[in-house]
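Biologist: I would like to learn how to read a structure like this one. Please take it feature by feature.

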There are 2 protein chains.
Amino acid sequence: MPDAEPDQMLEPDRLGADLSDAVVLFHEAIGSLMGLSAADHKALGILGREGPMSAGELAERTSLTAGAVTGLVDRLERAGLASRERDPADRRRLVVTAARAADPQVAEAFAGLGSAMAAVTARFTPDQLETIAEWVRLTSAAVRGQAAAIAARREA
Amino acid sequence: MPDAEPDQMLEPDRLGADLSDAVVLFHEAIGSLMGLSAADHKALGILGREGPMSAGELAERTSLTAGAVTGLVDRLERAGLASRERDPADRRRLVVTAARAADPQVAEAFAGLGSAMAAVTARFTPDQLETIAEWVRLTSAAVRGQAAAIAARREA
DNA sequence: CTAAATGATTCAGTAGACTAAAAGGTATCA
DNA sequence: TGATACCTTTTAGTCTACTGAATCATTTAG
């Protein structure tokens, strides 16, 4: 739905929308390959981005209740995508850690993406790559900022 | 989970992963702003990408049964995100069309992203923008290709 | 004009994930 | 040590979206 008005949008914005669609498609494909619901995939993403955390923290980050998180971690663990360990310092607490994809199909999918990206990278000079990196940094920050703004507005 | 091995990955790949996360976050934020489940959001994305289609085609594209699609379109229509019309040529058929976001909050969110992106674009020369556009085109194609490869393998 | 086929909807039943609340260990503090 | 607080799990019940089958409306074929 990011394709606005007629066809008069700035090229870079249209390109952004196209890339965004592609990213979402890839995530969906990976999710279905892993046999994960979107909610589980999201939780796994949080674990991957922010590192191991307790079940309580995960509950807070996902806006789920404690009971729901138990079931969530059950499913991730059964799929071999996360591990559950007791915190040695405080044995009431649980440390949930995202596991590196065990499924060879998933690993292969990421490897495929990695080499495809390497081929793309090879087509640019170091100077150009620096420019691209700068754009990606700025765009990423902008998108993240907008997502945060939406979330903040939503809470009001 | 795209962060591989230690920290020795090529910078552009890490940046890609970061951007990918940001995009997913934004989509999630928009989805929750619209009050849509992930499945509904996905269906809406298909409608947006591929244009209006009959309920049966939508069922095929989403891998849902006909009955489920009726409920899906009910929800989208109630939320003002899609419209239902009978096909004038064959009045048994239904044409489902994605509507431009009616909710002012959603429109505002997209507008916010648009101006943030415009600010990013303003920081580069036309030459640089051409390089960036080329990278985005190639990356988008690569990611799309990988997603298709996964989907194809999945069907085997 | 009737019979068969097609597209969408309705209905009954089911499954999965969620919440709220009670329960089970574990830690902290007096 | 005993009482209390904390973190996770379990349990019971609910809700939502799904499937498969029956139904209604419309079109096509004979």
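Modeller: Start with helix 4 of chain A, whose buried residues are Val69(A), Leu72(A), Val73(A) and Leu76(A). Seen down the axis of helix 4 of chain A, these residues fall within an arc of 95 degrees, so they line one face of the helix. The arc is that of the directions from the helix axis to the C-beta atoms. Buried means under 20% relative accessible area, exposed over 50%, and partly exposed in between (1.4 Å probe, protein chains only). Helices (H or I, at least four residues) and strands (E, at least two) are DSSP runs, numbered from the N terminus.

Biologist: What should I know about the model itself before going on?

Modeller: This is a predicted model: local features need pLDDT of at least 70, side-chain atom pairs count only at pLDDT 80 or more, and totals for chains, interfaces and linings use all residues. Residues are numbered from 1 along each chain as its sequence is written, chains are lettered from A and ligands numbered from 1 in the order in which they are written, and side-chain values use heavy atoms, with hydrogens and water left out.

Biologist: Why can residues of a helix point the same way?

Modeller: An α-helix has 3.6 residues a turn, so residues three or four places apart point the same way. In helix 4 of chain A, the face turned away from the buried side carries the exposed residues Gly67(A) and Arg78(A).

Biologist: Which elements do the buried residues of helix 4 of chain A pack against?

Modeller: They pack against helix 2 (38-50), helix 3 (55-62), strand 2 (82-86) and strand 3 (94-98) of chain A. Contact means heavy atoms within 4.5 Å.

Biologist: How many helices and strands does chain A have?

Modeller: Chain A has six helices and three strands. Along the sequence the pattern is α-α-β-α-α-β-β-α-α. Of its 156 residues, 40% count as buried.

Biologist: How are two copies of a chain related?

Modeller: By a rotation about an axis and a shift along it. Here a rotation of 180 degrees, with 0.1 Å of shift along its axis, superposes chain B on chain A (RMSD 0.3 Å). That is the relation of a two-fold axis. Copies are superposed by least squares on the C-alpha atoms of residues with pLDDT of at least 70 in both. Of the residues of chain B, Ile132(B) comes closest to the axis, at 2.7 Å (C-alpha). Also, 100% of the interface residues of chain B are interface residues in chain A, so the copies meet through the same surface.

Biologist: Which residues come nearest to DNA strand D?

Modeller: Of the 19 residues around DNA strand D, they are Gly56(A), Arg84(A), Leu94(A), Thr65(B) and Arg92(B). Sugar and phosphate account for 77% of the atoms of DNA strand D within 4 Å of the protein. A residue is near a strand if one of its heavy atoms lies within 4 Å of it.

Biologist: Where is a phosphate oxygen of DNA strand D relative to Thr65(B)?

Modeller: It is 2.8 Å from an N or O atom in the side chain of Thr65(B). Leu94(A) has a backbone N or O atom 3.1 Å from a phosphate oxygen of DNA strand D. Helix 4 of chain A gives the largest share of the surface near DNA strand D, three residues.

Technical notes. A polar contact is a pair of N or O atoms within 3.5 Å; within protein, one must be able to donate a hydrogen and the other to accept it, and residues adjacent in sequence count only if both atoms are side-chain atoms.
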